Amino acid sequence: MNNAYRPRRTCLSVPGSSQKMIDKAKGLPADEVFLDLEDAVAPDAKEPARSRVAAALAEPGWAGQLRGVRVNGWTTPWTHADVIEVVSAAGPQLDVVVLPKVSDVSHVTALDLLLTQLETIHGLPVGGIGIDAQIEDARGLLNVDAIAAVPRVQALVLGPADLMASLNMRTLVVGEQPEGYDVGDAYHHALMTILVAARAHGIAAVDGPYLKVRDVEAFRRVAGRSAALGYDGKWVLHPDQIAAGNEIFSPRQDEYDHAELILEAYEWHTSSAGGARGAVMLGDEMIDEASRKMALVIAAKGRAAGMQRRSDPFVPPA
């Protein structure tokens, strides 16, 4: 399956400086695991962490997750070395490079060119390694459509902490509403802007992390908001968040069953055997082409998550 269309319900960030955490992450049920060389690694530890990450990504024992690395951003002195060492060592096993601090399309274009050179040198399929572009400041939010349009970009990711700092938002709690903001959702514009750009270019939209990692109920509440908007998934920072994230960003069982029923019923009713009708009743619900499109979204998410239908299939009327 093309990596661009694999589930990203949970994207687990693992400090690249911790061999213990890397080893544990290999068997965890997150859809994507990326080893972090950026904020989770102190400056003096970045070079040894880079070698550890390159070796770990190339090792066997992973449980089939999307496998990635978050490199340092282009405003640092480490980006090119991060990409070269990791791709050179683990290119055939590397699915995605997470690029932080993307404020301009030139940032992803530069990474795209470097990846193309490395793929060519090492005999890898050109374009096979995707980019998850992290939107973390006001400029990035303004330029998000151009960023999403780069063919190698497979996902847009909200970077909430840096974005909040960029906007001078008055809060120190990532993911919660600023004190005094009591109408609506302070993050709604940023979430929707990223979502619209992602959908316009057929790529994934991923919500950023919730930092109170032990409060799973609060994680569920915050994740539920972006899931309701249509986000594909959310970054997770702790194994306790994975099960909740996988559940929240999968359809509920009754929704999935009903979506499959709508697709079956509409396919039959629009066929010659069913009368070639474009709008019909399914029980007490009218369904039409718009219903099919909405059902296809839910069904596709459920299938990607490996859900099994539990309701009876559609039976054409006698």
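**Reading helices and an annotated site**

Biologist: What should the 14 residues of helix H9 span at 1.5 Å a residue?

Modeller: The expected span of a helix is 1.5 Å times one less than its number of residues. For H9 (residues 216–229) that gives 20 Å, and its end C-alpha atoms are 20 Å apart, which agrees. Helices (H or I, at least four residues) and strands (E, at least two) are DSSP runs, numbered from the N terminus. This is a predicted model in which local features need pLDDT of at least 70 and side-chain atom pairs pLDDT 80 or more, while totals for chains, interfaces and linings use all residues. Residues are numbered from 1 along each chain as its sequence is written, and side-chain values use heavy atoms, without hydrogens or water.

Biologist: Which residues of H9 are buried, and what do they pack against?

Modeller: Buried means under 20% relative accessible area, exposed over 50%, and partly exposed in between (1.4 Å probe, protein chains only). In H9, Ala218, Phe219, Val222, Ala223 and Ser226 are buried. Contact means heavy atoms within 4.5 Å; the buried residues of H9 pack against helices H8 (188–200) and H10 (240–248) and strands E7 (204–207) and E8 (233–236). Just after H9, Gly230 has a positive phi of about 120 degrees.

Biologist: Why do the buried residues of H3 line one face of the helix?

Modeller: An α-helix has 3.6 residues a turn, so residues three or four places apart point the same way. In H3, the buried residues are Thr79, Asp82, Val83, Val86, Val87 and Ala90. Seen down the axis of H3, they fall within an arc of 100 degrees (taken from the directions from the axis to the C-beta atoms), so they line one face. They pack against helix H2 (46–58), strand E3 (66–70) and helix H4 (105–121).

Biologist: How is the protein chain divided into domains?

Modeller: Bounds come from an automatic or database domain assignment. Domain 1 covers 10–249 and domain 2 covers 253–305; their C-alpha centres lie 34 Å apart. Helix H11 (residues 253–270) reaches 26 Å from its first C-alpha to its last, close to the 26 Å expected. Its buried residues, including Tyr256, Ile262 and Leu263, pack against strands E9 (280–282) and E10 (285–287) and helix H12 (289–304).

Biologist: Where does UniProt place the feature "binding site"?

Modeller: UniProt positions are in the numbering used here, feature names are shortened, and annotations may be inferred rather than shown by experiment. The unreviewed entry places this feature at Glu136 and Asp162. Although spread over 27 residues of sequence, they cluster in space, with a largest C-alpha distance of 5.2 Å.

Biologist: Is Glu136 buried or exposed, and what does its side chain reach?

Modeller: Glu136 is buried, with a relative accessible area of 4%, and lies in the loop between strand E5 (130–135) and helix H5 (138–142). Its side chain reaches the backbone nitrogen of Lys101 at 2.7 Å. Leaving aside neighbours within four places in sequence, Glu136 contacts residues including Pro100, Lys101 and Asp162.

Biologist: Where is Asp162 placed, and which residues does it touch?

Modeller: Asp162 is in helix H7 (residues 160–166) and, at 29% relative accessibility, counts as partly exposed. Not counting residues up to four places away in sequence, Asp162 touches Asp39, Lys101 and Glu136.

Methods. A polar contact is a pair of N or O atoms within 3.5 Å; within protein, one must be able to donate a hydrogen and the other to accept it, and residues adjacent in sequence count only if both atoms are side-chain atoms.
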